[in-house]
Amino acid sequence: LSTSPAMAAAIKKVTVIGGGLMGSGIAQVAAQTGHHVTIVEINEEAIKKAKNGIESSLQRVAKKLYKDKPGEGETFVKETLSRLSTSLDLKEAVKNTDLVVEAIVENLDLKHKLFLSIDSVAPEHTIFASNTSSLSIQDIASVTKRKDRFGGLHFFNPVPVMKLLEVIRIPETSDETYEKITAWGKALGKTTITCKDTPGFVVNRLLVPLLAEAVRMLERGDATARDIDTAMKLGAGHPMGPLELADYVGNDTTKFILDGWHQKYPNVELFKPVPLLNKLVEEGKLGLKSGEGFYKYD
Ligand code: CAA
Ligand code: NAD
């Protein structure tokens with residue numbers, strides 16, 4: 001890779017659109033690894049939230065990396081933050097960038113609107129990528145005229161900790177684009193895998209049905225939530241049990257993913273709606289972020 005033309009024009013400037021849970025993590029890791037990053041958000045409040053989240057996560061990273069050298073840790077945080085900027089002006093923020101990573105809400109219409117509005121403004125060479133969890137990259141890319149410079153970059157929560165990056169190619173993705181985004185993922189310190197544009201790519205195609213099956217098991221009364229989670233942690237070595245993980249990911253997110261796949265593939269048994277999951281979402285028990293899901297949080 002190092003001698004390929006793609007590397008000669010490596011990705012240096014990045015625009016992350018959406019500074020929520022995922023976007024702020026992606027922006028943080030990119031800035032940590034020397035890239036110049038602009039986060040685009042929709043209002044000042046969201047920008048403030050993203051900045052605060054990044055700063056506290058960076059402190060945790062610094063504490064780990066510079067355990068016995070707090071001075072160097074401080075410099076690391078300061079330098080990383082100096083490479084990060086924020087903007088409310090989407091078009092301005094993509095005028096001079098090598099890569100756009102979209103991490104806005106999981107809604108195809110909104111993603112279409114977004115990519116359509118920047119396709120004619122971003123420079124010719126700029127690559128577009130989506131961090132979607134469950135939508136088809138090809139569907140998202142369909143509104144642009146740069147499908148050869150389009151791919152999926154699927155990160156995992158929490159981005160500063162999870163080591164994997166799924167790189168998704170659509171048939172139109174050029175080799176140069178694929179090489180550039182893969183090299184960028186490696187420059188971020190991630191281990192990359194390559195996936196086709198299939199529902200959930202690799203991780204979510206396996207993980208979401210696992211979470212749904214765990215909820216179905218609880219629903220049937222086969223075991224308690226605690227016992228299901230203990231079983232998978234101690235019997236299968238998972239860092240979190242499936243119900244803890246459902247609370248961590250967000251029950252609304254899991255429901256949304258399942259609903260979308262069920263609509264598209266009504267015959268796949270594993271994608272069928274799960275009444276208990278739907279009930280929790282209806283009651284606002286979304287998991288960690290709402291204070292209650294399968295468990296209660298302070
Ligand atoms: N920023 C920086 N560092 C963080 C962090 C963050 N947001 N969150 C955790 N950490 C660090 C902690 O500081 C800690 O560092 P040390 O080892 O130096 O102490 C380390 O990570 C471990 O954290 P904790 O001690 O707080 O807790 P833990 O050991 O239980 O680990 C976890 C937490 C990393 C989240 C772990 O439980 C885990 O791996 N859980 C599974 C997460 C998972 O499966 N994520 C994928 C979800 S699916 C997805 O993202 C895709 C999708 O499309 C929905
Ligand atoms: P989030 O709700 O935390 O963040 C979304 C952010 O996008 C919000 O801050 C919102 O203000 C902003 N936004 C919405 N429309 C915008 C626009 N037009 N321009 C700029 N900003 C806009 O959501 P999230 O969990 O970070 O998820 C973002 C994307 O990442 C989704 O596609 C999701 O499927 C995917 N994803 C989520 C996870 C996860 O575990 N939460 C994991 C991997 C991928």
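**A tour of the two ligand sites**

Select ligand 1 and lysine 64: an N or O atom in the side chain of lysine 64 is 3.4 Å from an oxygen atom of the ligand. This counts as a polar contact, a pair of N or O atoms within 3.5 Å. The model is predicted, with local features needing pLDDT of at least 70 and side-chain atom pairs pLDDT 80 or more, while totals for chains, interfaces and linings use all residues. Residues are numbered from 1 along each chain as its sequence is written, chains are lettered from A and ligands numbered from 1 in the order written, and side-chain values use heavy atoms, without hydrogens and water.

Next, select serine 57, where a side-chain N or O atom is 2.7 Å from a nitrogen atom of ligand 1. For histidine 154, the corresponding side-chain distance is 2.9 Å, to an oxygen atom of ligand 1. On its own, ligand 1 exposes 1000 Å², of which the protein buries 65% (Shrake-Rupley method, 1.4 Å probe).

Now display the shell around ligand 1. α3 (44–65), α9 (203–220) and α11 (242–249) each supply at least two of its residues, and α3 gives the most, with four. Helices here are DSSP runs of H or I, at least four residues, numbered from the N terminus.

Move to ligand 2. Select methionine 22, whose backbone N or O atom lies 2.8 Å from an oxygen atom of ligand 2. Lysine 111 places a polar side-chain atom 2.8 Å from a ligand 2 oxygen, and asparagine 131 has a side-chain N or O atom 3.0 Å from an oxygen of ligand 2.

Methods: A polar contact is a pair of N or O atoms within 3.5 Å; within protein, one must be able to donate a hydrogen and the other to accept it, and residues adjacent in sequence count only if both atoms are side-chain atoms.
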